[in-house]
Amino acid sequence: MGLMFLCYLDDLSDREARGFDPWQEGRDSVFVVRKGDSVYGYFDSCPHLEGMPLPWRKDAYLDAAGQEIVCAAHGARFNIVSGACFIGPCKGQSLTPVPLTFSEDGRILARLEELTITPGRAD
Amino acid sequence: MNIIGPDSLVFGVDDIEACTQYLTDYGLESVGEGRFEALDGTSVVIRSKDDASLPPPLETATQLRKTVYGVADQKVLDDIEAELSKDREVKRLSDGSLESVDDMGFTLGFQVSVRKSLSMAAEAVNAPGAPKQRDVNVIGAEPDADPRPRTLSHVVYFVPDHAKAEAFYADRLGFVTTDRFTGVGPFMRPAGTEDHHTLFMIQTPPHMKGCEHFTFHMGGPTEVMQAGTRMVNKGYQSFWGPGRHIFGSNWFWYFKSPLGCNMEYDADMDLHDESWKAREAEIGADTSQVFLFQHREKWAPTGPPPPNKA
């Protein structure tokens, strides 16, 4: 099965992010962010320390205003739509996207069969 | 110059509410006006990033706005003012403290230290062959203990030129280098403390300049473990640790934070005096940790020296 159910679009409010553990590793390795009616998926791994998850507590991927993705380790900030880091230690690098698909009944699914990498692991 | 160590770190943050919760859960006491104190009165201060009373931000993502050093007395303040005024502006603020910048652009404050002297026991350990430290019938493990940070220990900066940064603190403020990672940066202590370091600097490309982490001293390794476990149980995410460093020997446990840098618990750091000869090693996992319960091969970004270095 190449599609992994993450959550329903309605589970997320605008500018809300949520982490998931699709490989049952005991900690989140991918996350999604809703912006308007669009949802963007990324690996939970900061480009500047490969394998380092971003949030300081579960699901805390965004700044207070919900405008940007933030890594809590060293403060890198990323564009929600492109995943590009525009300020911080990994400026010029990008989060690795997780391809998503959306079912007619509003489910958000990760297209795992398209992944050519597995999440970087630090431990 | 009798600088004792950091009295306070001032941050301009994005999310005041999250930082307030985090610093309280870390174990600091909220005493109002964004100030969160350890037992000896040293502190972290958080303000909104837009607060006009803050020194200007660095041009990077860092939220650290100012490092305030505590000094022994007014004479030391006067000496610092005279020294730094030779080549840069030194402001005397309304509270009597000084404000200036270091050679990397970090804003510094200097004040007569607010540190209260503490009278508390260290963690007591017994071992075969050694005199008894913890008496009979005194229990070592307390599941309900609520360990509190005792004092602000050290701050770590990412700097674009470690040699220039080290020279400023050594030549202008009398800091001593206790150990060094080759080509990366020095561990430094000011003259007024025996702590292995109150400042460590890591060379990185300029766009990373800022605060890597800061930490408070705890009462011993058990308190580091117990306070860290308290954080884990509250849902906060570990960055590195728990473990024990080699340079400084301090026990450590780092957590990611909403302050845009890591926040550590540490304990039982080595003490040094003038007779100590600085060691030097290549930075890496093998030289950074004696042992570690959560492995991390690479814990800090580093970068080559900037071009055209004098």
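This is a predicted model: local features need pLDDT of at least 70, side-chain atom pairs count only at pLDDT 80 or more; totals for chains, interfaces and linings use all residues.
Thr60(B) counts as buried, at 8% relative accessibility. Setting aside neighbours within four places in sequence, its contacts are Ile87(A), Pro206(B), His207(B), Met208(B) and Lys209(B).

His207(B) is 147 residues away from Thr60(B) in sequence, yet their C-alpha atoms are 5.8 Å apart. There's a polar pairing here too: a polar atom of the Thr60(B) side chain lies 2.5 Å from the backbone oxygen of Lys209(B).

## Where chain A meets chain B

Now for the interface. Chain A puts 22 residues into the contact and chain B puts in 29. Together the two chains bury about 2100 Å², with 58% of that on carbon and sulfur atoms. On the side of chain A that touches chain B, the classes come out as 12 nonpolar, four polar and six charged residues.

What about salt bridges between chain A and chain B? The count is zero. Polar contacts do turn up, with eight residue pairs across the interface, both partners at pLDDT 80 or more.

## Salt bridges

Over all chains, the tally is 27 salt bridges. One of them pairs Glu83(B) with Arg172(B), with the closest N and O atoms 2.5 Å apart. Glu83(B) is in helix H2 (residues 74-84) and Arg172(B) is in the loop between helix H3 (162-171) and strand S10 (176-181) of chain B, so this pair ties together parts 89 residues apart in sequence. Both ends are buried: Glu83(B) has a relative accessible area of 16%, and Arg172(B) has 15%. The two also belong to a network of salt bridges that links Glu83(B), Lys86(B), Asp87(B), Arg88(B), Asp103(B) and Arg172(B).

Arg279(B) and Asp179(B) make another salt bridge, at 2.7 Å between the closest N and O atoms. Since Arg279(B) is in strand S17 (residues 279-281) and Asp179(B) is in strand S10 of chain B, the pair ties together parts 100 residues apart in sequence. Asp179(B) is buried at 0% relative accessible area, while Arg279(B) is partly exposed at 29%. Then there's Glu99(B) with Lys91(B), at 3.9 Å from N to O; Glu99(B) is buried at 14% and Lys91(B) is partly exposed at 39%.

## Cysteines without a bond

How many disulfides are there over all chains? A search of the whole structure finds zero. For Cys71(A), the closest cysteine sulfur is in Cys46(A), 3.8 Å away and so too far for a bond. Cys85(A) has its closest cysteine sulfur in Cys90(A), at 3.7 Å, also too far. Cys71(A) is buried at 1% relative accessibility, and Cys85(A) is buried at 5%.

Technical notes. Residues are numbered from 1 along each chain as its sequence is written. Chains are lettered from A and ligands numbered from 1 in the order in which they are written. Side-chain values use heavy atoms; hydrogens and water are left out. A disulfide is a pair of cysteine sulfur atoms within 2.5 Å. Buried means under 20% relative accessible area, exposed over 50%, partly exposed in between (1.4 Å probe, protein chains only). Contact means heavy atoms within 4.5 Å. Buried area is the accessible area (1.4 Å probe) that two parts lose on being put together, summed over both. A salt bridge is a side-chain nitrogen of Lys or Arg within 4 Å of a carboxyl oxygen of Asp or Glu. A polar contact is a pair of N or O atoms within 3.5 Å; within protein, one must be able to donate a hydrogen and the other to accept it, and residues adjacent in sequence count only if both atoms are side-chain atoms. Ala, Val, Leu, Ile, Met, Phe, Trp, Tyr, Cys and Pro count as nonpolar, Asp, Glu, Lys and Arg as charged, and the others, Gly among them, as polar. Helices (H or I, at least four residues) and strands (E, at least two) are DSSP runs, numbered from the N terminus.
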